[in-house]
Amino acid sequence: MVSGSQQIRNAYGSQLATGNFVAIASGLATHNGSNFGILAKKQMSDVNGLVLREGGAPENLIFTNPQYLNVYLKRSREHSNYHSMQAQVTMRPTHGLSFQATYTWSRNLQRPANKTDWHDWSADYWLAGQHRSHALNVNGTYALPFGANGFVLRNATGAIKKTVEGWQIGWIASVTSGPPMSLTGVATLWNNGSLNLVRPDLWDSKSGNVEWDNEAGEGFYYGKNYTRVIDPMCFEESIVAVSLRTACANGIRALVLVDDSKDIAGWTNVNRNDASAIRGTVIFQNPKPGERGNFQPNNLTGVGRWNLDANMGKTIEFMEGKRLELRVDAQNIFNHATPSQSGASVGARGNTVTNPFLTVNTTAGTQFGLLSTKTGHRTFQARIRLSF
């Protein structure tokens, strides 16, 4: 005879070990009894909720209205709040030069649709994914000083005059802060699983900085002294039964600041018998079952971005009403590549930049904060247009 609690552990061991009670509740509400010895007696594999019925529990023990596939509550759940300070400097054409510079400092907050705790909506209020603290944009044009209106070849005539005068260059430069980033944990409540920052004195959320290793062809955003180990909670028998320790170890991790980064390869992701074997300081770990992590989503800032596009062109009028336009455009003229976790091209001229690898709850050997590549390249486009 197997006890009911043991059957729960057998069927939902990994969910119990990681505190995923949402999955357990949903499973019990719809279970047909195949793992509890009921199916053989009833032969009703297509009947959901058989476990509750055979146990004498009311139909609405877990879901208020189990007879409905979905029940919707329509209301305004999302909320956003944007504040900014903007400053602009404009220079009107002077000696062929004109430009405009705009700086924006902003803060964009939101309350997302999915709530961590449906009894406390106010706690889900953090930076929106579109937030950028600082943004500087500069655009301008400059008429080259050639020909009759310039300082070079002012007295040129004929074909030489037509060739050298009227050239103009333009540029668009942008510098922005990086996008918000999150450290996600196991969702021990409803949504938005967050980690617990247990050593705020050793963690600076604004300390991210790219350290690029040219020989390895990769970069690190938080240095090389962070690694993952089994969450110490897995070794607390008052929380995780010994029989569920392996399931817990395979599901959740803690982030540790190690004493020497050279030791990481020898001890990361190793099954430890106790938390004291960790040679370092636990910085982040998962909240205990039923608790809410204290480190809000989007609390980190990713790699900043900057870019300069330029163009050069002129118009030649060779007959009345007939013009020849010449233009060359250059994107990312300095051929600056932005560090990224992965790189993807969007057509021939665009690139997608992604944030560093920040997953904590994984058994993958990928280094925390890894930037595995750089993305972005210089492109040129030339155009000749005849108007008549």
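**Review note: loops, a sheet and side-chain pairs**

1. H95 counts as exposed, at 73% relative accessibility. Buried means under 20% relative accessible area, exposed means over 50%, and partly exposed lies in between, using a 1.4 Å probe and protein chains only. The model is predicted, so local features need pLDDT of at least 70 and side-chain atom pairs count only at pLDDT 80 or more, while totals for chains, interfaces and linings use all residues. Residues are numbered from 1 along each chain as its sequence is written, and side-chain values use heavy atoms, with hydrogens and water left out.

2. Stay with H95 for its backbone. H95 is not a glycine, yet its phi is positive, about 50°. Look for H95 in the loop between β1 (79–94) and β2 (97–111). On naming: helices (H or I, at least four residues) and strands (E, at least two) are DSSP runs, numbered from the N terminus.

3. Now turn to N332. N332 also is not a glycine and has a positive phi of about 50°. Its loop runs between β15 (322–331) and β16 (338–340). Is N332 buried or exposed? N332 is buried, at a relative accessible area of 6%.

4. Next, a sheet. β8, β9 and β19 form an open sheet of three strands, in the order β8-β9-β19, with antiparallel pairing. β8 (211–213) and β19 (370–371) are the edge strands; each has a single partner strand, so one side of each lacks a neighbour in the sheet. Strands pair if DSSP finds at least two bridges between them. β9 (residues 218–220) and β19 are joined by two bridges, in the antiparallel sense. Which residue of β19 is the bridge partner of F220? It is L370.

5. How many salt bridges does the structure hold? The count is six. Here a salt bridge is a side-chain nitrogen of Lys or Arg within 4 Å of a carboxyl oxygen of Asp or Glu. One of them joins R199 and D201, at 2.7 Å from N to O. R199 is partly exposed, with a relative accessible area of 30%. D201 is exposed, at 55%.

6. D213 and K224 form another salt bridge, with their closest N and O atoms 3.8 Å apart. This pair links distant parts of the chain, 11 residues apart: D213 is in strand β8, and K224 is in the loop between β9 and β10 (226–230). D213 is partly exposed, at a relative accessible area of 24%. K224 is partly exposed too, at 38%.

7. E236 and K288 also form a salt bridge, with the closest N and O atoms 3.8 Å apart. Because E236 sits in the loop between β10 and α6 (245–251) and K288 in the loop between β12 (280–285) and β13 (300–301), the pair ties together parts that are 52 residues apart in sequence. E236 counts as partly exposed, at 29% relative accessibility. K288 is partly exposed, with a relative accessible area of 33%.

8. On to the rings. Rings of Phe, Tyr and Trp (its six-membered ring) pair if their centres lie within 6.5 Å; planes under 30 degrees apart count as stacked, over 60 as edge-to-face and the rest as tilted. The count comes to nine aromatic pairs. W203 and Y222 form a tilted aromatic pair, at 5.1 Å centre to centre and 35° between the planes. W203 is in the loop between β7 (196–197) and β8, and Y222 in the loop between β9 and β10, so this pair ties together parts 19 residues apart in sequence. W203 is buried, at 7% relative accessible area. Y222 is buried, at 9%. W203, Y221, Y222, Y226, F284, F295 and F368 form one aromatic cluster.

9. A charge sits over a ring if NZ of Lys or CZ of Arg is within 6 Å of the ring centre and within 35 degrees of the ring normal. K374 lies over the face of W212, 4.6 Å from the ring centre. The charged end of K115 sits over the ring of W118, 5.8 Å from its centre.

10. Last, F21. This residue is in helix α2 (residues 21–30). F21 is partly exposed, with a relative accessible area of 36%. F21 and W190 are 169 residues apart in sequence, and 8.8 Å apart in space from C-alpha to C-alpha. Which residues is F21 in contact with, leaving aside neighbours within four places in sequence? They are L16, P289 and G290, where contact means heavy atoms within 4.5 Å.
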